[in-house]
Amino acid sequence: MSDSALAIEANPKVTEHACDHCSQPFRRVQGYVYREGDAHAVYIASCYHHDGHEVFIDAVFSPTWEDEADDHVTFGCRVGPIAGQSDPAATLVAGASAFTDRPFFGRKLSREEGLEHPLLGEYWALVDHVLVHDPVVRDHVYGPGAEFE
């Protein structure tokens, strides 16, 4: 799937929160990602100031998006600094681990389940798209004014 097939909704919701662990303020962005005009996933990007600037990106996928459907699956990753590297890196983690269980998330995938899931490639394409095209997330991870080709 090409990145050009994806588009973030025009005005994703941005909210302010305090971290449950360190009480530092952080921003959370939630919005739809569309693929060729159709709802593809909902992403939730939590932009923390823990070890530098890190973001946890959870994404919920559903083939139907019907209210009563039990077909949602959630991936998660951490993007941020790692020792010995100048650029941030992404690591798969348990999906939506910062959130209480509710039907919206469906099956929250563990790291191991995510690594084996057939939607893993689509999830990484979504993460790449959010990192480049969501200005709140992009500026948090790469600094204000970052541009990508």
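In what order do the elements of the protein chain run from the N terminus on? After that, please look closely at the largest nonpolar core: which of its residues touch the most other members?

Reply: This is a predicted model, in which local features need pLDDT of at least 70 and side-chain atom pairs count only at pLDDT 80 or more, while totals for chains, interfaces and linings use all residues. Residues are numbered from 1 along each chain as its sequence is written, and side-chain values use heavy atoms, with hydrogens and water left out.

From the N terminus on, the elements of the protein chain run β-β-β-β-β-β-β-β-α-α-α, and they come to 3 helices and 8 strands. Here helices (H or I, at least four residues) and strands (E, at least two) are DSSP runs, numbered from the N terminus.

Of the 149 residues of the protein chain, 41% count as buried, where buried means under 20% relative accessible area, exposed means over 50%, and partly exposed lies in between (1.4 Å probe, protein chains only). A nonpolar core is a set of buried Ala, Val, Leu, Ile, Met, Phe, Trp, Tyr and Cys residues joined through side-chain atoms within 4.5 Å.

The largest such core has 28 residues, and among them V55, I57, Y123 and V137 touch the most other members. At least two residues of this core come from each of β1 (6–8), β3 (25–35), β4 (38–48), β5, β6, α2 (120–133) and α3 (135–142). The element that gives the most is α2, with 7 residues.

V137 shows in detail how such a residue is surrounded: leaving aside its neighbours within four places in sequence, V137 is in contact, meaning heavy atoms within 4.5 Å, with V29, A45, C47, V55, V130 and L131. One of these partners, V55, is itself among the residues that touch the most other core members.

A second, separate core of 7 residues includes V42, V60, W65 and F105. Of these, W65 lies in the loop between β5 (54–61) and β6 (73–80), and phi of W65 is near 60 degrees, a positive value in a residue other than glycine. Most residues other than glycine have a negative phi.

Another loop residue with a positive phi, near 50 degrees, is A96, which sits between β7 (89–93) and β8 (107–108). A96 counts as buried because its relative accessibility is 0%.
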